[in-house]
Number of protein chains: 2
Amino acid sequence: MLEMIELEQAQELILALTGRTSPEEVALVQSRGRVLAETVYSVLDVPPFDRSPLDGYAVRGEDTLTGLPAALRLVGEIPAGSSFAATVGPGTAVRILTGSPIPAGANAVIRQEDTQEENGVVQIFRPVRPGADISRRGEDLRQGEELFTPGRVLTPAEIGILASQGIRRIKVFSRPRVALASTGDELKDVGQPLAPGQIYNSNFYTLAAMIEAWGGQTLPLGLVQDRVSDLAEVMREGLASADLVVTTGGASVGTYDVTARAMERAGVEVKFWRAAFKPGTPVICGYKGDKLVLGLSGNPAAAMISAALLLGPGVRKMAGFQGFHPKRVLATSKDEFAKSSGTRRFIRAKVVREESGWSASFPSSQQPGILKSMLGTNALVDLAAGSTLKAGQACNVFLLEEWI
Amino acid sequence: MLEMIELEQAQELILALTGRTSPEEVALVQSRGRVLAETVYSVLDVPPFDRSPLDGYAVRGEDTLTGLPAALRLVGEIPAGSSFAATVGPGTAVRILTGSPIPAGANAVIRQEDTQEENGVVQIFRPVRPGADISRRGEDLRQGEELFTPGRVLTPAEIGILASQGIRRIKVFSRPRVALASTGDELKDVGQPLAPGQIYNSNFYTLAAMIEAWGGQTLPLGLVQDRVSDLAEVMREGLASADLVVTTGGASVGTYDVTARAMERAGVEVKFWRAAFKPGTPVICGYKGDKLVLGLSGNPAAAMISAALLLGPGVRKMAGFQGFHPKRVLATSKDEFAKSSGTRRFIRAKVVREESGWSASFPSSQQPGILKSMLGTNALVDLAAGSTLKAGQACNVFLLEEWI
């Protein structure tokens, strides 16, 4: 077991111990935000035939180039979804709507606004070159071309392209199932009355929302007493039903023994305990079979921050995403942080992008229990052990926009 | 009825004709991304009592300031969730865990790492000032303070704060129900075989995904033939079941009459027809009772762009969000757009934020039917009528990150 390890080492270990979930098939209409788990090739040309992109008349362009207004004889009409058997000969036009196939013989479409139809004759007021205003077969997608590869996130445009291929169901990585237990004898669930010495469990709710944002789903394991037998039982339950087990609380100096013994009893090997950053130092990471068990700090803000830094990368990797870590940028601090510490510290901050670059400001309350300070937090300032920060000074920042 | 109106006028009209949905109560655990519809006040102090933020010993700070290591007599233990009846007197200590209430008489907590306990005596190796390392009652939230007002988007931090108050259910604006029909006789739904002259309906899938991203939900009305009776029937169905009705196709010059007559038959008053921008000019907007009917272009890319510019603001307003419009920034174009047009044009683009500011690049295919060009599109360059764009030139850009 490793003790007091660096963030980067902990992240590396967690990523090494997690793999992508197995693919599942979902309906295209329910695939927004999911991550593609297969390579998709185009099975047909889009559009599948030369078609009109507007309402007007299919003509031979050469008939419109001289002697305007030209008078063309109307020889038919093609509603969208049908076709025209005859050929458009010299001096004739066929009425056409957006999406109608271009009839044989025609090589251009003139839009309705530039024409006038009366008694079977179409007056053409503008020239159209041969080839103009036709949506060519395959101009959007060519049959056989590679459209998407695994890891592609499905946004509306990808979904539309899959629909244009007639695809109704698609393989995506399953949402990682994260079993989530909250330890702490003082915890009550929301909606219950509080007894003296008790507080409401907020960690379950913040973490479940974060896990959802990372593309995972939460299986609630409820509240657990800080007892070896209870904890071991809950870990076994989580390992049996989920891809990853997370507990909050139970990783601090005073509770480590209980958690470590529970892990041992559940057959979980402890990989590391405690990480060299604040808040969130109390963290315990175990492993059984191919499943990770991660115990995070029970302090609300510390739980969120260590979840963003350690659990997030794991869940996003499992969900099939290609970027695992929060993005790092250089920012200018607007506030000062005068209290140096022997441990690297992540200051919860709000960054904005200004003309001159990123700037970071932060609330004065940075205690691990102050959840209110997480409101509006979209970044973490990375303050090295022994350092302080002056207003105006440059600092390293993790952007959390997609993470919290 | 207005014709060929400016984007801004169309947006204003649409916002004037839409209101917030009625609130509904949801479980806190399912509230991520929803918009709060009530003002929430803190009903209790958080934490509700002075508590320990770490594992260690509750002491009288004065007993640790001189003569280190101090030896204090261990007089009890407070597991989290329980309380301690006796008082901590001079020269004594009480074993305490993270979250335990601070016992009477104690005024500081010393962390376990700075102590050693043996035979009922706790050796203290570091001084702690009175008041140190105590999480004070109400330091996170004070009973009676206003926490959130309507319009607040619920992210993990808000959800955690609501949980810390014991709140199990919360009032949010209902997801606007958008009934969505696709008109076009050439359309087939995915999973069905194509006949000659037919194409797959992609608009339903792109728009449903966009509506979901804006906080709405889609009620599918299926494929509709371009016939007055069919269209009117579908509009009635949509008006009866949804908060807003959207059709794609049927708003172009050649199909306007059918749609307008269908609207009339369904009791819908036409407010405007056609908007002065490309792609997406064919758009028809009607109104009945308190419900909007919006007909968008059937061309796939045009449908997405006009949806982002016109439907998005309406749905986001209905969903309770406070920002309705895509954000506007100044960018430097990396590409050129040489084809000037008599109509204002929105060029689908990809913008990135560089050291020197935003830069925009765009695919060469900008036809309204080319859906592929929407892949990676995260912005629209706003090109005025009659203008062209040179590489290196400044341009106005709408950011679509949250919109497409």
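This is a predicted model: local features need pLDDT of at least 70, side-chain atom pairs count only at pLDDT 80 or more; totals for chains, interfaces and linings use all residues.
Residues are numbered from 1 along each chain as its sequence is written, and chains are lettered from A, with ligands numbered from 1, in the order in which they are written.

## The interface and its symmetry

The contact between the chains takes 76 residues from chain A and 76 residues from chain B. On the side of chain A that touches chain B, at least two residues each are supplied by helix H2 (156-164), strand S14 (199-200), helix H3 (203-213) and helix H6 (300-318) of chain A; helices (H or I, at least four residues) and strands (E, at least two) are DSSP runs, numbered from the N terminus. H2(A) gives the largest share of this side, eight residues. Sorted by class, the residues of the side of chain A that touches chain B comprise 37 nonpolar, 27 polar and 12 charged, where Ala, Val, Leu, Ile, Met, Phe, Trp, Tyr, Cys and Pro count as nonpolar, Asp, Glu, Lys and Arg as charged, and the others, Gly among them, as polar.

Chain A is superposed on chain B by a rotation of 180° with 0.0 Å of shift along its axis, at an RMSD of 0.0 Å; the superposition is by least squares on the C-alpha atoms of residues with pLDDT of at least 70 in both copies. The two copies are therefore related as by a two-fold rotation axis. Within chain A, the C-alpha nearest the axis belongs to Ser356(A), at 4.1 Å from it.

## Helix pairs within each chain

| Helix pair | Crossing angle | Axis separation |
|---|---|---|
| H1(B) (residues 7-16) and H6(B) | roughly 30° | within 9 Å |
| H4(A) (residues 228-241) and H5(A) (residues 256-265) | about 50° | 8 Å |

The axes are lines fitted to C-alpha atoms, for helices over the stretch in contact, and the angles run from 0 to 180 degrees between N-to-C directions. The angle in the table makes H1(B) roughly parallel to H6(B), given that angles under 35 degrees count as roughly parallel, over 145 as roughly antiparallel, 65 to 115 as roughly perpendicular and the rest as oblique. From H1(B), the contact is made by Leu7(B), Ala10(B), Gln11(B), Ile14(B) and Leu15(B), which meet Leu309(B), Leu310(B), Pro313(B), Gly314(B) and Lys317(B) of H6(B). These contact residues of H1(B) and H6(B) divide into seven nonpolar, two polar and one charged.

In chain A, the angle between the paired helices makes H4(A) oblique to H5(A), and the crossing of H4(A) and H5(A) is right-handed. Val228(A), Leu231(A), Ala232(A) and Met235(A) of H4(A) make this contact with Val258(A), Thr259(A), Arg261(A), Ala262(A), Met263(A) and Arg265(A) of H5(A). By class, the contact of H4(A) with H5(A) has seven nonpolar residues, one polar and two charged.

## Arg316(B) in helix H6

Helix H6 of chain B (residues 300-318) also holds Arg316(B). Arg316(B) is buried, with 25 other C-beta atoms within 10 Å; a residue is called buried if 20 or more other C-beta atoms lie within 10 Å of its own, exposed if 12 or fewer, and partly exposed in between. Leaving aside neighbours within four places in sequence, Arg316(B) is in contact with Trp214(B), Gly215(B), Phe321(B) and Phe324(B). The C-alpha atoms of Arg316(B) and Arg274(B), which are 42 residues apart along the chain, are separated by 22 Å.

## Backbone details

Met4(A), placed in strand S1 (residues 2-5) of chain A, has a phi near 50°, a positive value in a residue other than glycine. Met4(A) is exposed, with 12 other C-beta atoms within 10 Å. In chain B, Met4(B) lies in strand S1 (residues 2-5) and has a phi near 50°, again positive in a residue other than glycine.

Leu68(A) and Pro69(A) are joined by a cis peptide bond with omega of about -5°, and Pro69(A) sits in the loop between strand S4 (56-59) and strand S5 (70-78) of chain A. A cis peptide bond also joins Lys278(A) and Pro279(A), with omega of about -10°, and Pro279(A) is found in the loop between strand S18 (277-278) and strand S19 (284-288) of chain A.

Key
Two residues are in contact if their C-beta atoms, placed from the backbone, lie within 7 Å. A crossing is left-handed if the near helix is turned anticlockwise from the far one by less than a right angle, and right-handed if clockwise.
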